[in-house]
Amino acid sequence: AEEMFKVTKGSDFGWPYCYYDGNQKVKVQSPEYGGDGKKTTGCDDKGKPIYSFPAHWAPNAMLFYTGDQFPAKYKNGAFIAFHGSWNRAPQPQAGYNVIFLPFKDGAPSGEYEVFADGFAGSNVTPGGASYRPCGLTQGADGSLYISEDQQGRVWKVTYKAK
């Protein structure tokens, strides 16, 4: 899984020796270090993520929204730009999107939602994707800017109440 951590002095999350398996909900030993997808040897005492996302989505940027343009549910939550997978076999390639994860009191407070999608187009592969999100920033007016590195585009996302 892609792991999100709250880092404090002395934190040890086990990487690269251990990784979080989102299906089993446990840290397991990496195959490069003798793991078989089930062994937890040397990983039991490693820090657990505060949230996890599907494996190999490749997060590239995270932004905590502090603006006032979007509805209140977005305030202080995290937008995350996923660059897209390069190898999820046997599962299909995925990612290539921007998600929103609500936060309350400095911790995730609900499930993530896909905020912006469709960047890859019809060819959902690393080389074939039309666009691959890689950067986020917030404008002074509360707009969200999303950049990508396949063709060098930047989108400005605004919200207008009905």
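Q: Is Y131 buried or exposed in this model?
A: Y131 counts as buried, because its relative accessibility is 16% and the cut-off for buried is under 20%. Keep in mind that this is a predicted model.

Q: What does a value in the middle range look like, for instance at S11?
A: Partly exposed covers the range between buried and exposed, the latter being over 50%. S11 has a relative accessible area of 31%, so it is partly exposed.

Q: Where does S11 lie, and what is around it?
A: S11 sits in the loop between β1 (2–4) and β2 (18–21). A polar atom of its side chain is 2.6 Å from the backbone oxygen of T8. S11 and G47 are 36 residues apart along the chain, yet 6.9 Å separates their C-alpha atoms.

Q: How do I read the sheet with the order β5-β6-β7-β10?
A: Start with the strand order and the pairing. This sheet is open, has four strands and pairs antiparallel. On average, neighbouring strands are turned by 30° against each other, direction ignored.

Q: How many bridges join β7 to β6, and how many join β7 to β10?
A: Strand β6 (residues 78–82) and strand β7 (residues 97–101) are joined by five bridges. There, A78 stands opposite L101. Three bridges join β7 to β10, with I99 facing V114 across that pairing.

Q: Which way do the side chains of β7 point?
A: In a regular strand, side chains alternate between the two faces of the sheet. In β7, N97, I99 and L101 point one way, and V98 and F100 the other. Five of the five residues are buried, so β7 is largely enclosed by the rest of the structure.

Q: How many aromatic pairs are there?
A: The count is 21. One of them is W57 with F82: centres 5.1 Å apart, planes at 80°, an edge-to-face pair. This pair links distant parts of the chain, with W57 in the loop between β4 (51–53) and β5, and F82 in strand β6, 25 residues apart. Both W57 and F82 are buried.

Q: What is the geometry of the pair Y131 and W155?
A: Over 60 degrees between planes counts as edge-to-face. The planes of Y131 and W155 meet at 90°, with ring centres 5.1 Å apart, so this pair is edge-to-face. Y131 lies in the loop between β10 and β11 (133–138), and W155 in strand β13 (residues 154–157), 24 residues away. W155 is partly exposed, at 27% relative accessible area.

Q: Which residues form one aromatic cluster?
A: Y65, F70, Y74, F79, F100 and F115 do.

Technical notes. Residues are numbered from 1 along each chain as its sequence is written. This is a predicted model: local features need pLDDT of at least 70, side-chain atom pairs count only at pLDDT 80 or more; totals for chains, interfaces and linings use all residues. Side-chain values use heavy atoms; hydrogens and water are left out. Two strands pair if DSSP finds at least two bridges between them. Helices (H or I, at least four residues) and strands (E, at least two) are DSSP runs, numbered from the N terminus. Axes are lines fitted to C-alpha atoms, for helices over the stretch in contact, and angles run from 0 to 180 degrees between N-to-C directions. Buried means under 20% relative accessible area, exposed over 50%, partly exposed in between (1.4 Å probe, protein chains only). A polar contact is a pair of N or O atoms within 3.5 Å; within protein, one must be able to donate a hydrogen and the other to accept it, and residues adjacent in sequence count only if both atoms are side-chain atoms. Rings of Phe, Tyr and Trp (its six-membered ring) pair if their centres lie within 6.5 Å; planes under 30 degrees apart count as stacked, over 60 as edge-to-face and the rest as tilted.
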